[in-house]
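Trainee: Could you take me through this model and show me, for each label, how the computed value is set against its definition?

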Amino acid sequence: MAQNIDLLFKEKIIQEYRFKNRYIVAPMTRVSAVNNGIATERMKQYYERYAKGGFAAIISEGIYPDEEYSQGYYNQPGIANEAQKDAWKPIVRSVHKHGSLFIAQIMHAGAQSQGNPHKDCNIAPSVEAPKNDQLSFYGGEGKFPIPKKMAHEDMEQVKQGFANAAHRAKEAGFDGVEIHGANGYLLDQFLTDYFNQREDEYGGVTMNRVRYIKEVVKEVRRAVGKEYLLGIRISQGKASDGEHRWALGETDARTIFESLGNLPLDFIHVTDKDGTQPGFGEGSLSMTAAARQFSGLPVIANGQLQDPSKASLLLEEEEADFVSLGTSALQNPDAPNKIRNGERLEEFDFHSIMLPIADIKDHELKKEVKR
Ligand SMILES: Cc1cc2nc3c(=O)[nH]c(=O)nc-3n(C[C@H](O)[C@H](O)[C@H](O)COP(=O)(O)O)c2cc1C
């Protein structure tokens, strides 16, 4: 094994949590829960494969935190009540049995919700619908509806929802929580100029647009206590607008990541189309490097990092501490084991995994996982 690829297999300890290597499964929504948000045996088999396949940690699919406006997709799992919490317990146990950590991603869909049986409208920072159409591989069609602007009481309710859900995740046995602040969902809507047209202290300049995220992080930290893994995911692109870039480029990155660096967080997980490429125009820092440089926190890099020599460069240059794999993990649930053995990864086959909808398929569960 080349010297730099070894870096991907060095352990790292954060808090009391031991990551046996630097490979993490990126969060991926698979709309395979019961329609009341209860996680299933099928999901247990699905997550267990990644643990068997050598990933140090798995970040769950986005889990909805409350039974109000947070759910984004039909058949998305929740952690909004005791029954949903209990359903995660056997899944967490089976991941732990194979030596991986399990982190719950808590997600409020906001205006990007396209399937929520609890309410007949969406809420968002402002009366601004997402660009483009709903995602058909999650069962949506046509334009997104125009959301209702959140009042301060709604903001309080959502914040408590995040905190209560994080507490339930801890009770279910998860090793940590990742707050979903990326990809155009509710918290990212607060951060985004065109979604956030508010005229109160939560809108306007970037420093104001990051305020609500800061409040949510602090509330979640209070709920889970000091000695628990807590991170946040940040991106520029959105599920509904992949090309979006922060208007002030690196200046915005500095404002956002410095603010996050002052919070009680254990990591920032950044995602971009390519985690190694300039994030803010030619010659600029990548999102990965910006997160590391401006926050000073451990960073999980994401975006086309399946080639281990490319991924290990991020570690060598101290731009990231971990890499997360999304589509390449879907195709290769045993990616770390294959890479360690010098084997090539299979190319992601969009059709066989994502269509007609992106739920967990029999052929995925039947596939052999190399130990
Ligand atoms: C099927 C699928 C579902 C996804 N669901 C989520 C999600 O629930 N939360 C999230 O933050 N990102 C989600 N993503 C984005 C991935 O975490 C990741 O950022 C993306 O696949 C790019 O990484 P890659 O180049 O390794 O595939 C999803 C991606 C895919 C393919």
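Predicted model: local features only at pLDDT ≥ 70, side-chain atom pairs only at ≥ 80, totals over all residues.

Trainee: What makes α9 a helix, and why is it called largely enclosed?

Mentor: Helices are DSSP runs of H or I with at least four residues, strands are runs of E with at least two, and both are numbered from the N terminus. α9 covers residues 287–295, and seven of its nine residues are buried, so the helix is described as largely enclosed by the rest of the structure. Buried here means under 20% relative accessible area, while exposed means over 50% and partly exposed in between, using a 1.4 Å probe and protein chains only. The buried residues are Met 287, Thr 288, Ala 289, Ala 290, Ala 291, Phe 294 and Ser 295. Their cover includes β9 (229–235), α8 (250–261), β10 (267–271), β11 (299–302) and α10 (308–316), where contact means heavy atoms within 4.5 Å.

Trainee: How do you know whether Gln 304 and Glu 318 are buried, partly exposed or exposed?

Mentor: Gln 304, in the loop between β11 and α10, has a relative accessible area of 42% and is therefore partly exposed. Glu 318, in the loop between α10 and β12, stands at 58%, so the exposed label applies. Most residues other than glycine have a negative phi, yet Gln 304 has a positive phi of about 55°, and Glu 318 likewise has a positive phi of about 55°.

Trainee: What makes β12 a partner of its neighbouring strands, and in which sense does each pair run?

Mentor: Two strands pair if DSSP finds at least two bridges between them. β3 (residues 23–25) and β12 are joined over three bridges in the parallel sense, with Tyr 23 opposite Val 323. β11 and β12 also pair in the parallel sense over three bridges, and Asn 302 stands opposite Ser 324. From β11 the chain crosses through α10 to β12, and this β-α-β crossover is right-handed, which means that, with the strands pointing away from the viewer, the path from the first strand over the helix to the second runs clockwise.

Trainee: How do you know how β12 is covered on its faces?

Mentor: Phe 322 and Ser 324 on one side, and Val 323 and Leu 325 on the other, are all buried, which leaves both faces covered. In a regular strand the side chains alternate between the two faces of the sheet.

Trainee: Why is Thr 271 called buried, and which side chain does it join through a polar contact?

Mentor: Thr 271, found in strand β10, has 12% relative accessibility and therefore counts as buried. A polar contact is a pair of N or O atoms within 3.5 Å; within protein, one must be able to donate a hydrogen and the other to accept it, and residues adjacent in sequence count only if both atoms are side-chain atoms. The side chains of Thr 271 and Asn 302 are joined by such a contact of 2.8 Å.

Trainee: What makes a residue count as surrounding the ligand, and which are the closest?

Mentor: A residue is near a molecule if one of its heavy atoms lies within 4 Å of it. There are 18 residues surrounding the ligand, and the closest are Pro 27, Thr 29, Arg 233, Asn 302 and Thr 327. An N or O atom in the side chain of Thr 29 is 2.5 Å from a ligand oxygen atom, and for Asn 302 the corresponding distance to an oxygen atom of the ligand is 2.6 Å. The protein covers 87% of the 610 Å² of accessible area that the ligand has on its own, by the Shrake-Rupley method with a 1.4 Å probe, in which only the protein chains shown count as cover for residues.

Terms used: Residues numbered from 1 in each chain as written. Heavy atoms only, no water.
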